[in-house]
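Hi everyone, thanks for coming.

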Amino acid sequence: MEHIVIIGNGIAGVTAARHIRKLSDKKITIISAETDHFFSRTALMYVYMGHMRWRDIEPYEPWFWEKNRLELKKGYVSAIDPSTKTLQFKEGNTMPYDKLIIASGSTTNTFGWEGLELNGVQGLVTKQDLEELEKNAPNNIECPSAVIIGGGLIGVEMAEMLRTRNIEVTMLVREDAFWTNALPHGEAEMLSRHIESHGVTIRHETNLDKILGDSDGNVRAVVIKETGEEIPCKVVGITTGVKPNITFLENSGIETDKGILVNRKLETSEKDIYAIGDCAQQRKTIGNRPPVEAVWYTGRMMGEALAQTICGNTFEYNPGNWFNSAKFFDIEYQTYGWVQPQERRKEFEAQFHWKCPSDKRCITISYRKESNEFLGINTFGIRMKHEVFDRWLTEKRTVDYVIQHLKQANFDPEFYKNYEKEIIKAFHTTKEIEA
Ligand SMILES: Cc1cc2nc3c(=O)[nH]c(=O)nc-3n(C[C@H](O)[C@H](O)[C@H](O)COP(=O)(O)OP(=O)(O)OC[C@H]3O[C@@H](n4cnc5c(N)ncnc54)[C@H](O)[C@@H]3O)c2cc1C
């Protein structure tokens with residue numbers, strides 16, 4: 001019987017395993033060095049905040065694996081030999097495979113700062129990181145203050161987590177507003193104000209120089225590069241993005257760049273070895289998508305697509321229109337299509353931005369100046385329907401059509417009733433200014 005081995009029990013690896021099982025009788029082994037069972041990485045924060053228990057973030061009951069004949073192996077793969085189709089474990093043993101799926105996810109990005117080895121310096125990616133945070137920041141007596149390096153999605157989650165225990169939080173953000181490498185400026189500024197309204201101090205245009213420790217090897221402060229100022233703290237959160245977790249492939253011969261290079265069939269440079277999820281990098285970019293897509297639903301889509309190929313129905317990864325969502329304290333964010341931040345905005349892209357006087361809701365719609373073709377929308381504090389925007393993007397609707405029919409995409413008719421006139425008026429004013 002063909003043996004499919006999967007390195008990684010995250011959303012990508014487990015989705016591939018489930019779908020291969022649905023389609024075949026193959027022997028399947030899932031390996032992880034992190035946990036016995038699959039869990040929802042996106043829900044890590046809710047465990048620290050006390051909204052969920054660990055078992056609530058495990059989507060499957062413990063019996064699920066055996067019932068579906070999915071063998072689980074706890075261990076760290078330290079090397080792969082494609083010539084003999086063998087995995088080497090750090091623990092000393094080996095495992096043969098017929099087909100190998102690498103779904104090894106991401107790891108925290110660091111930039112070689114002095115002091116990274118100190119107790120209290122940590123990322124937020126793994127279950128072990130969550131346990132560390134519980135130990136390092138159990139309450140505001142043992143940890144009165146923390147500094148978070150980097151203003152992105154994981155950084156704001158960590159800030160929210162620490163604030164639930166009344167720990168003082170300072171965020172060092174290199175840019176002049178929050179997450180400007182992904183968001184247009186009006187939105188980024190609104191988010192900075194919102195995060196600050198939750199008691200977080202954001203130091204914009206501020207870089208970390210180094211982290212200082214005490215004589216016991218514990219963090220005591222960070223030093224700001226621009227001014228030399230010291231900010232005392234017990235915890236330093238490193239949230240300067242993630243990178244593919246691929247160091248164990250160094251001598252395998254598998255071609256890598258930032259991630260493991262794959263084609264649209266998710267094949268690597270080595271026969272019978274595939275890569276999916278956060279660790280995979282598309283050789284040819286798909287539209288405006290980043291070549292490494294570190295998001296949950298694309299890991300799931302890659303797992304589904306690859307299962308088909310492994311079971312004999314060759315299938316290409318075809319993610320369709322881009323979308324994503326996140327939450328910044330109380331403000332929900334959704335994005336469909338492409339609304340580019342200033343640094344990536346092309347000559348042909350116009351943007352219409354509307355913000356509610358509450359300073360908690362806004363939308364930005366992007367479109368082609370010449371043809372008026374709708375390119376994408378960002379919404380903050382307003383919940384929209386995925387299927388409607390997905391259809392409008394595929395149908396290449398004009399921005400005028402989208403504005404006229406925005407009500408159809410809205411989950412909250414009350415909101416639209418209150419603001420419809422205002423949004424339409426603001427849109428026409430923008431168009432007149434452009435003309
Ligand atoms: C705090 C946080 C919040 C997030 N929130 C969102 C969100 O709101 N929306 C969203 O779309 N995305 C979010 N993401 C990103 C999302 O969680 C990831 O894109 C997704 O979990 C990646 O899944 P994966 O299957 O590729 O890898 P992972 O879930 O990272 O799983 C990889 C597994 O492989 C194991 N592994 C790696 N190397 C080896 C080895 N050599 N031997 C054995 N095991 C190995 C790892 O230990 C790990 O268990 C968030 C991420 C984090 C960290």
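Let's start with two helices: α1 (11–23) and α5 (153–163) each supply at least two residues of the shell around the ligand. Helices here are DSSP runs of H or I with at least four residues, strands are runs of E with at least two, and both are numbered from the N terminus. A word on the source: this is a predicted model, where local features need pLDDT of at least 70 and side-chain atom pairs count only at pLDDT 80 or more, while totals for chains, interfaces and linings use all residues. Residues are numbered from 1 along each chain as its sequence is written, and side-chain values use heavy atoms, with hydrogens and water left out.

So who surrounds the ligand? There are 30 residues around it, and the closest are Ala-12, Glu-34, Arg-41, Val-77 and Asp-278; being near takes a heavy atom within 4 Å.

Now the polar contacts, meaning pairs of N or O atoms within 3.5 Å. Glu-34 has a polar side-chain atom 2.5 Å from a ligand oxygen. For Ile-11, a backbone N or O atom sits 3.2 Å from an oxygen of the ligand. The protein covers 91% of the 1000 Å² of accessible area that the ligand has on its own, by the Shrake-Rupley method with a 1.4 Å probe.

On to the sheet. This open sheet has 3 strands in the order β13-β14-β15, with antiparallel pairing; pairing takes at least two DSSP bridges between two strands. Its edge strands are β13 (208–213) and β15 (230–232), each pairing on one side only. Strand β14 (residues 219–224) is joined to β15 by 3 bridges, and Ala-221 has Pro-232 in β15 as its bridge partner.

Key. Polar contact = N/O pair within 3.5 Å; in protein donor to acceptor, adjacent residues only side chain to side chain.
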